[in-house]
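This briefing is for a reader who has not seen this structure before. Please look over the sequence and the model first, then read the points below.

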Amino acid sequence: MNNRSWKWALISALMVLSVDACAGWGGYPHAKNVHTSQLVGTWRDRDCGTTLTLHADGSASVTGMPTEMALDHEVKHRLGGDGTWEIDEFGGEQQLDVVVGHVHTPFDLYRNEGRLLVGLIVGDPDDMNRCVLRRHSKTAADAPAAAVERT
């Protein structure tokens with residue numbers, strides 16, 4: 001296992017343990033047997049100001065993804081740009097891994113009343129800074145091009 005893989009595995013393990021430690025993380029059960037075709041399209045959380053577009057070829061674009069939030073839930077830094085995505089499994093649960101530039105971001109996959117949800121925890125899970133992205137479109141054709149945002 002190379003250094004990058006080891007670090008990614010450790011980060012993923014800590015995030016899985018942290019999410020599981022939070023009682024119910026919104027009450028959504030983890031999604032099972034998610035296929036890439038179910039994730040292709042555009043996902044949004046208007047409250048977080050985040051749009052994530054996943055293409056069938058494994059490419060992705062994101063705008064407005066919070067990467068750091070203050071204790072008052074104010075976004076201190078956002079990320080945007082083009083990258084890649086894949087479904088990965090860690091600790092027996094599937095997750096969506098998105099890479100933009102040098103930033104690797106794991107998203108949790110949940111179901112609510114049969115609908116797939118993509119969850120992002122920003123920073124310390126105990127702070128309850130989270131985004132829940134819902135499908136906006138099943139195709140990536142109507143998604144805006146990603147722009148890199150810096151603060």
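Are C48 and C131 buried or exposed? Both of these residues are buried. The model they belong to is predicted, and its chain has 151 residues, of which 44% are buried.

**Overall make-up**
- The chain contains 2 helices and 8 strands.
- In sequence order, the elements follow the pattern α-α-β-β-β-β-β-β-β-β.
- Of the contacts between residues at least 6 apart in sequence, 56% join residues at least 24 apart.
- The chain has an accessible surface of about 8,300 Å², and carbon and sulfur atoms account for 51% of that surface.

**The barrel**
- A barrel is closed by 8 strands in the order β1-β2-β3-β4-β5-β6-β7-β8, with antiparallel pairing.
- From one strand to the next, the twist averages 40 degrees.
- Strands of a sheet pair through backbone hydrogen bonds.
- Strand β4 (residues 75-90) and strand β5 (residues 93-100) run antiparallel and are joined by 8 bridges.
- E86 has D97 in β5 as its bridge partner.

**The disulfide**
- The whole structure holds 1 disulfide, which links C48 to C131 with an S to S distance of 2.1 Å.
- C48 sits in the loop between β1 (41-45) and β2 (50-54), while C131 is in strand β8 (residues 130-137), so the pair ties together parts 83 residues apart in sequence.
- The disulfide is left-handed because the torsion about the S-S bond of C48 and C131 is about -100 degrees.
- A disulfide is a covalent bond between the sulfur atoms of two cysteines.

Definitions and conventions:
Residues are numbered from 1 along each chain as its sequence is written. This is a predicted model: local features need pLDDT of at least 70, side-chain atom pairs count only at pLDDT 80 or more; totals for chains, interfaces and linings use all residues. Side-chain values use heavy atoms; hydrogens and water are left out. Two strands pair if DSSP finds at least two bridges between them. Helices (H or I, at least four residues) and strands (E, at least two) are DSSP runs, numbered from the N terminus. Axes are lines fitted to C-alpha atoms, for helices over the stretch in contact, and angles run from 0 to 180 degrees between N-to-C directions. Buried means under 20% relative accessible area, exposed over 50%, partly exposed in between (1.4 Å probe, protein chains only). Contact means heavy atoms within 4.5 Å. Accessible areas come from the Shrake-Rupley method with a 1.4 Å probe; for residues, only the protein chains shown count as cover. A disulfide is a pair of cysteine sulfur atoms within 2.5 Å.
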